[in-house]
Amino acid sequence: MNDSSTMSFLTLLWTLICLILILFLAYFSVKLLAKKQRISGAGKLIKVLDQVSIGQDKVLVVVKVADKTMLIAMSSNTVTKVCELDNDYCEKFILQNPVMPFSEVLKSAFNKTKNDDKNNKGDGKV
């Protein structure tokens, strides 16, 4: 090997090592931040049961505070209690409709897209 190819190889190797190091640092930084967020955001009396976006910067949130369940409307600059909800109904609903893990949602969306692509190939649609 001549000097220029050795230098090119070493430069490439150094770049790969730096890239791997940056990826590891980013991964552990995100994990650390997520852990701190869970600790600071974990309330003993307050729990967010469900939320849905109803517009830009507008969210409806079902919150359980101590032994009361309520619906809250939030926007970028206001928070309004809409009404109180029946605790028993909310708990039954949550138990009967467990949240699907993100991996399952992603897998089902991928399979649906794959099936749609197969169906569209046969009928000449683009």
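Two rings of Phe, Tyr or Trp (the six-membered ring for Trp) make a pair here if their centres lie within 6.5 Å; planes under 30 degrees apart count as stacked, over 60 as edge-to-face and the rest as tilted. With that rule, a search of the whole structure turns up 2 aromatic pairs. One is stacked: Phe24 and Phe28, at 6.5 Å centre to centre with 15 degrees between the planes. Phe24 and Phe28 sit 4 residues apart in helix α1 (residues 3-41), so about one helical turn separates them. Tyr27 and Phe28 are edge-to-face, because their planes stand at 75 degrees, with ring centres 5.2 Å apart. Put together, the ring pairs tie Phe24, Tyr27 and Phe28 into a cluster.

A word on the ground rules. This is a predicted model, in which local features need pLDDT of at least 70 and side-chain atom pairs count only at pLDDT 80 or more, while totals for chains, interfaces and linings use all residues. Residues are numbered from 1 along each chain as its sequence is written, and side-chain values use heavy atoms, with hydrogens and water left out.

Now the chain as a whole. Its secondary structure amounts to 3 helices and 4 strands (DSSP runs numbered from the N terminus: H or I of at least four residues for helices, E of at least two for strands). The order along the sequence is α-β-β-β-β-α-α. Of the 126 residues, 7% are buried (under 20% relative accessible area; exposed is over 50%, partly exposed in between, with a 1.4 Å probe and protein chains only). Among contacts (heavy atoms within 4.5 Å) with a separation of 6 or more, 3% join residues 24 or more positions apart. The accessible surface is about 11,300 Å², and carbon and sulfur atoms hold 65% of that (Shrake-Rupley method, 1.4 Å probe).

Which residues make the nonpolar surface patch of about 650 Å²? Met7, Phe9, Leu10, Leu13, Trp14 and Ile17 do. Patch members have over 30% relative accessible area and no salt bridge, with nonpolar side chains joined within 5 Å and like charges within 9 Å. Met7 lies in helix α1.

There is 1 salt bridge in the structure (a Lys or Arg side-chain nitrogen within 4 Å of an Asp or Glu carboxyl oxygen). Lys81 and Glu84 form it, with their closest N and O atoms 3.2 Å apart.

| Residue | Relative accessible area | Class |
|---|---|---|
| Phe24 | 49% | partly exposed |
| Tyr27 | 47% | partly exposed |
| Met7 | 51% | exposed |
| Glu84 | 42% | partly exposed |
| Lys81 | 47% | partly exposed |
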